[in-house]
Amino acid sequence: MQELLKELVEKHRKTTELGKVASYIPELEKTNPRNLGIYILDNEGNEYFAGDYDNKFTVQSISKVVALMLAILDNGEEYVFSKVGMDPSGDPFNSIRKLETSSRRKPYNPMINAGAIVVSSMIKGDDAKDKFNRLLEFFKKITEDPSLELNPKVYLSESETGNKNRAMGYYLKSEGIITGNVEEALEVYFKQCSIDVTAKTIAKLGLFLANEGQTSTGEQVVSNRVSRIVKTLMVTCGMYDNSGEFAVRVGLPSKSGVGGGIVSVVPHKMGIGIYSPALDQKGNPIAGVCLLEDLCNELKCRIF
Ligand code: DON
């Protein structure tokens, strides 16, 4: 396996040339677009890795998966999904248009920015700081990675330039979908996206979901049902308006982030973390997706 990963990283270094690192969050543009790494953890305790598996990058939209689990723990499934849907939007991750034009008032799903801001608004805590700290502690617990921390530069960069997210937050507030303080919701959202991780952290998150919400010590942190909801939404919405094609090519519940991460889940077997910051047109890691496709062909581990 270790050899296979090395080969695939070598092969797809070239694929990174077809993409571009995110620049709309200025701090993300400083990344080397040629970076590519993978980390795999399995239920037998094996660890395999190759390439830039040790580089730090911000978790970005992969945090939407973590926030969703915590919001359900805090509020219950029924309340959360009264405020956000469970269907693909067919639009880019940062699209605003259906918030007003669709007959449903709530955002389509928790994986697009509008839905994720609503989810972040539901995390309990005394103030934004407390809410974010609860999320960070929850993230540490499920990944068993006590070193996780905020990247303050990326956070400031996001907060200074996230005007579209702000616009969506205020619109959702005006519609009564966000009921609490909208600035707090945005602060939690920007901060959760700005947590530094490595491919290993992401693989740990994948393994947690592969094991139906259990840590490696056997602690059941979220129920089987919550883990199933999250994985289903990853399949249908996790790679945005490319989720259908991705399901055909790769066929694993996955979630991408504009920092270059992808978490993929091989149910009951493996967690996979990818780091591949050069993105395609839809905002998904271009080489990472190709690498995963090849890997799933080799391992025959797709769920479909
Ligand atoms: O809100 C944003 O635009 C970013 N903080 C996160 C977007 C993201 O990661 C989309 N993923 N592919």
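Domain bounds here come from an automatic or database domain assignment. The model is predicted.

**Exercise 1. Find which domains the protein chain has, and describe where they meet.**

Step 1. Start with the assignment. It gives domain 1 (2-60 + 196-299) and domain 2 (63-193).

Step 2. Locate the centres. Taken over C-alpha atoms, the centres of domain 1 and domain 2 are 21 Å apart.

Step 3. Look at the contacts. On domain 1, 31 residues are in contact with 31 residues of domain 2.

Step 4. Name the elements on the side of domain 1 that touches domain 2. Those giving two or more residues are β5 (195-197), α10 (199-210) and α11 (224-237). The largest share, six residues, is from α11.

Step 5. Sort that side of domain 1 by residue type. It has 16 nonpolar, nine polar and six charged residues.

**Exercise 2. Describe the largest nonpolar core and follow one of its residues.**

Step 1. The core holds 97 residues. Those touching the most other members are Ile-38, Ala-67, Ala-71, Ile-117, Val-119 and Leu-291.

Step 2. Check the domains. Each of domain 1 (2-60 + 196-299) and domain 2 (63-193) gives this core at least three residues.

Step 3. Follow Ala-67. Beyond its neighbours within four places in sequence, Ala-67 is in contact with Ala-116, Val-119, Ser-120, Ile-123, Leu-135 and Gln-192.

**Exercise 3. List the residues around the ligand and sort them.**

Step 1. The shell consists of Gln-60, Ser-61, Phe-93, Asn-94, Asn-113, Glu-158, Asn-165, Cys-193, Ser-256, Gly-257, Val-258 and Gly-283.

Step 2. By type, three are nonpolar, eight polar and one charged.

Step 3. Both domains take part: domain 1 and domain 2 each supply at least three residues of the shell.

Step 4. Turn to the record. The unreviewed UniProt entry annotates a "binding site" that covers Ser-61, Asn-113, Glu-158, Asn-165, Tyr-189, Tyr-240 and Val-258.

**Exercise 4. Decide whether Asn-113 and Val-258 are buried or exposed.**

Step 1. Apply the cut-off. A residue is buried if 20 or more other C-beta atoms lie within 10 Å of its own. Asn-113 has 22 C-beta neighbours inside 10 Å, so Asn-113 counts as buried.

Step 2. List its contacts. Leaving aside neighbours within four places in sequence, Asn-113 is in contact with Phe-93, Asn-94, Asn-165 and Met-168.

Step 3. Val-258 has 24 other C-beta atoms within 10 Å, so Val-258 is buried.

Step 4. Not counting residues up to four places away in sequence, Val-258 touches Ala-22, Leu-28, Gln-60, Ser-61, Leu-279 and Gly-283.

Definitions and conventions
Residues are numbered from 1 along each chain as its sequence is written. This is a predicted model: local features need pLDDT of at least 70, side-chain atom pairs count only at pLDDT 80 or more; totals for chains, interfaces and linings use all residues. A nonpolar core is a set of buried Ala, Val, Leu, Ile, Met, Phe, Trp, Tyr and Cys residues joined through C-beta atoms within 7 Å. A residue is buried if 20 or more other C-beta atoms lie within 10 Å of its own, exposed if 12 or fewer, and partly exposed in between; C-beta atoms are placed from the backbone. Two residues are in contact if their C-beta atoms, placed from the backbone, lie within 7 Å. A residue is near a molecule or strand if its C-beta atom, placed from the backbone, lies within 6 Å of it. Ala, Val, Leu, Ile, Met, Phe, Trp, Tyr, Cys and Pro count as nonpolar, Asp, Glu, Lys and Arg as charged, and the others, Gly among them, as polar. Helices (H or I, at least four residues) and strands (E, at least two) are DSSP runs, numbered from the N terminus. UniProt positions are given in the numbering used here, feature names are shortened, and annotations may be inferred rather than shown by experiment.
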